[in-house]
Amino acid sequence: MDYDAFFGERLNALKARGDYRIFAELERRAGDFPSALLHEDGAADDVTVWCSNDYLGMGQNPDVIAEMVRAVQAHGAGAGGTRNISGTNRLHVQLEQELASLHQKEAALIFTSGYVANMTVLSTLARNIPGCIVYSDAKNHNSMIEGIRHSRSDKRVWKHNDPADLERLIREDDPDAPKLVAFESVYSMDGDIAPISEILDICERYNAISYLDEVHAVGMYGDTGAGVAERDGVMDRVDILQGTLAKAFGVIGGYIAASANLVDFIRSFGNGFIFTTALPPGIAAAARKSISIVRQSPDMRVRHQERAAAVKASLRAAGLPVMPSETHIVPVLVGNPVACRRASDLLMERHRIYVQPINYPTVDRGTERLRITPTPFHDDAAIRRLTEALLDIWGVLDLKRAA
């Protein structure tokens, strides 16, 4: 077999469909968010970033940066290995205590990413609980799907955000079988929110463990930024809350918060935790500082929601096809992979605006879109420029407008 030719053929097929991913080489500059430098063909130029998951700009926060610098100077650059081999750094312990406090749980456990957290926790639980059946929302993130798949347990996929379908599937199974229900609060491509309370009612009725992914909600919803479950007053009813340190908190890493026994179970049996080098101490210190700031800054969340609403209103008033969204996510429908890629390219070429195209398999075919994520730092002038730029591109490409 000509392996290199095989790889080339598969890549060419991706390109022909418009699904080939191109990464812009961007240089983020501390203190200048949401502006960045685009490096291209040996030159550098200013662009405005409209698709960052650093939702609150905390990755640029001077206090967070200073905390990371202090920790690196005090503890060194790396953790030295896994926590089992090299020991648990005091900064890891303090971060886990902060996260447990944020979610009002007995304990928390940090991972190198939210992806690793979902993969490890779901696979470990479903694999080790005898006869466990996992019920997964149809639009769950790839990390959850892969975690469930790697567990090799029985699984059922229920219609997206449909508690009645979830209950129908559960009622068809053995009432005595252990059950785990996995779902998200904010679905990041559509911007919709799960009916958490109704899903928890079903979990409690059928003695199922509830696993709630809040990665696109922590920091941005609830009185202290603990997520949608906090906002809705049901956080105490969720068995396992999973979150990330890489989005609203602006650093990197994932975590779970749950009962002390469950967290210790994952710590003791989860391969993705046991065999992975721990987060660098500087990362842990910066994340803890960021969480502390965000917990005490409800005005930041208010401003963030106001900016998202302003973007939606501006784009809709211009006749652009903004898809329904209950959250800070602003998806604009293109509906064709090649056109979506071209729209992204033209926004950069003609207007120096960076919005990454979202194509299959991240979203279903025919629903390709530009996913816009406003932050508290996108002012009215930036919103006007974005709206005018999108109108220009929609005209150039003759894309469909809103009905």
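The structure is a predicted model, in which local features need pLDDT of at least 70 and side-chain atom pairs count only at pLDDT 80 or more, whereas totals for chains, interfaces and linings use all residues. Residues are numbered from 1 along each chain as its sequence is written, and side-chain values use heavy atoms, with hydrogens and water left out. Helices (H or I, at least four residues) and strands (E, at least two) are DSSP runs, numbered from the N terminus.

Burial was assigned from relative accessible area (buried under 20%, exposed over 50%, partly exposed in between; 1.4 Å probe, protein chains only). The buried residues of helix 15 are Ala 382, Ile 383, Leu 386, Thr 387, Ala 389, Leu 390, Ile 393 and Trp 394. Viewed down the axis of helix 15, these buried residues fall within an arc of 165°, so they line one face of the helix. The arc is that of the directions from the helix axis to the C-beta atoms. An α-helix has 3.6 residues a turn, so residues three or four places apart point the same way. On the other side of helix 15, the exposed residues are Arg 384, Glu 388 and Gly 395.

The buried residues of helix 15 pack against helix 13 (298-317), helix 14 (337-351), strand 13 (330-333), strand 14 (353-354) and strand 16 (369-372), where contact means heavy atoms within 4.5 Å. At the start of helix 15, the backbone nitrogen of Ala 381 has a side-chain oxygen of Asp 379 within 3.3 Å. Asp 398 is placed in the segment after helix 15. Its phi is near 55°, a positive value in a residue other than glycine, and Asp 398 is exposed, with a relative accessible area of 68%.

Two of the strands that helix 15 packs against, strand 13 and strand 16, belong to an open sheet of 3 strands in the order 13-16-15, with antiparallel pairing. Strand 13 and strand 15 (357-358) stand at the edges, each with a single partner strand, so one side of each is left without a neighbour in the sheet. Two strands pair if DSSP finds at least two bridges between them; strand 15 and strand 16 pair in the antiparallel sense over 2 bridges. Within this pair, Pro 357 stands opposite Leu 370 in strand 16. Helix 14 packs on the sheet, touching strand 15 and strand 16, and its direction makes about 45° with that of strand 16. Helix 13 lies across strand 13 and strand 16, running at about 20° to strand 13. For these angles, axes are lines fitted to C-alpha atoms, for helices over the stretch in contact, and angles run from 0 to 180 degrees between N-to-C directions.

The loop between helix 13 and strand 13 contains Ser 325, which counts as buried at 16% relative accessibility. A polar atom of the Ser 325 side chain lies 2.6 Å from the backbone oxygen of Ile 329. Apart from neighbours within four places in sequence, the residues in contact with Ser 325 are Asp 190, Gly 191, Lys 312, Arg 316 and Pro 331.

In strand 7 (residues 179-184), 6 of the 6 residues are buried, so the strand is largely enclosed by the rest of the structure. Both of its faces are covered, with Lys 179, Val 181 and Phe 183 on one side and Leu 180, Ala 182 and Glu 184 on the other. In a regular strand the side chains alternate between the two faces of the sheet. Strand 7 pairs in the parallel sense with strand 5 (residues 133-137) over 4 bridges, and Val 134 stands opposite Leu 180 in strand 7. Strand 7 also runs parallel to strand 10 (residues 208-213), to which 6 bridges join it; the bridge partner of Phe 183 in strand 10 is Leu 212.

Further backbone features occur in loops. Most residues other than glycine have a negative phi, and most peptide bonds are trans. A cis peptide bond with omega of about 10° joins Phe 33 and Pro 34, and Pro 34 lies in the loop between strand 1 (26-28) and strand 2 (35-40). Tyr 360 and Pro 361 are likewise joined by a cis peptide bond, with omega of about 10°; Pro 361 lies in the loop between strand 15 and strand 16. Asp 41, in the loop between strand 2 and strand 3 (43-49), has a positive phi of about 55° although it is not a glycine. Asp 41 is exposed, with a relative accessible area of 79%.

Key:
Polar contact = N/O pair within 3.5 Å; in protein donor to acceptor, adjacent residues only side chain to side chain.
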